[in-house]
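Here is a short report on charge pairing and overall build. Read it with the model open.

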Amino acid sequence: MNYATIKNCDIANGPGVRVSLFVSGCTHRCPGCFNEEAWDFNYGNPFTQKTIDEILAMLKPSHVKGLTLLGGEPFEPQNQPEIVNLLRQIKAAYPEKSIWAFSGYLFDKDILAGRLGPWEITKELLSYLDVLVDGPFVMGKKDLTLRFRGSSNQRLIDVPASLREERVVIWEDWQGSGRSMK
Ligand code: SF4
């Protein structure tokens, strides 16, 4: 896997101060994409153990609340193994830090359906996530007033609650509990 960039003080892509990793490679090609150069899987720099060590160091301060994965597309089958390797190490070092991910795939129809490579890898990746922002960016539904998402079709999904309850549970930070989509 390659990555485009890492931000160590991101306050726009999840709650609190976060480290953000923008991976390379995305097959969605959404019109109006904010990060078109990262569609190419070869864009940016190779993602190595040195990169992971840098991310672990960035996450260490107590004011950093967690990691956010963006792209590109973290759920592309060829990106998932490296993402799992990263998240496994983060959860071992900092179990209290939250993990958010943005994906152009749909949580229920694509990811849970097992369409994105070996299910064991996808399942482990999901096990580390707190919130998934799912769905492609849709220019016609662009809304700058939305928190943590670009278009109104995208959902903020409480992943642990959704897996536990076997339904899509929407993440709601102000209540600390989820709301079902069904
Ligand atoms: S999923 Fe994200 S990175 Fe991929 S084309 Fe759409 S907006 Fe761009």
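Arg167 is partly exposed, at a relative accessible area of 26%. Partly exposed is the band between buried (under 20% relative accessible area) and exposed (over 50%), with a 1.4 Å probe and protein chains only. Its salt-bridge partner is Glu165, and the closest N and O atoms are 2.2 Å apart. A salt bridge here needs a side-chain nitrogen of Lys or Arg within 4 Å of a carboxyl oxygen of Asp or Glu. Glu165 is also partly exposed, at 34%.

This is a predicted model: local features need pLDDT of at least 70, side-chain atom pairs count only at pLDDT 80 or more, and totals for chains, interfaces and linings use all residues. Residues are numbered from 1 along each chain as its sequence is written, and side-chain values use heavy atoms, with hydrogens and water left out.

**Salt bridges**

The whole structure holds six salt bridges. Side chains of opposite charge can pair when their charged atoms come close.

| Pair | Closest N to O distance |
|---|---|
| Arg167 and Glu165 | 2.2 Å |
| Glu54 and Lys50 | 3.3 Å |

Which parts of the chain does the pair of Asp108 and Arg155 tie together? Asp108 belongs to helix H3 (residues 107-111) and Arg155 to strand S7 (residues 155-158), so the bridge links parts that are 47 residues apart in sequence. Helices are DSSP runs of H or I with at least four residues, strands are E runs of at least two, and both are numbered from the N terminus. Is Arg155 buried or exposed? Arg155 counts as buried, at 15% relative accessibility. Asp108 is partly exposed, at 27%.

Lys50 is exposed at 58% relative accessibility. Glu54 is partly exposed at 32%.

Salt bridges that share partners join Asp108, Asp134 and Arg155 into one network.

**Glu166**

Glu166 is found in the loop between helix H5 (159-165) and strand S8 (169-170). Glu166 counts as exposed, at 70% relative accessibility.

**Overall build**

The protein chain has five helices and nine strands. From the N terminus, the order is β-β-β-α-β-α-β-α-α-β-β-α-β-β. The radius of gyration is 15 Å, close to the 16 Å that the globule rule gives for 182 residues, so the chain is as compact as a globular protein of that length. That radius is taken over C-alpha atoms, and the rule is 2.2 Å times the number of residues to the power 0.38. Along its principal axes, the C-alpha trace spans about 45 × 35 × 35 Å.

Buried residues make up 47% of the 182 residues. Contacts are heavy atoms within 4.5 Å. Among contacts between residues at least 6 apart in sequence, 61% join residues at least 24 apart.

The chain has 21 positive and 22 negative side chains, and the centres of the two sets lie 4 Å apart. Lys and Arg count as positive, Asp and Glu as negative; His and the chain ends are not counted. Each charge is placed at NZ of Lys, CZ of Arg, CG of Asp or CD of Glu.
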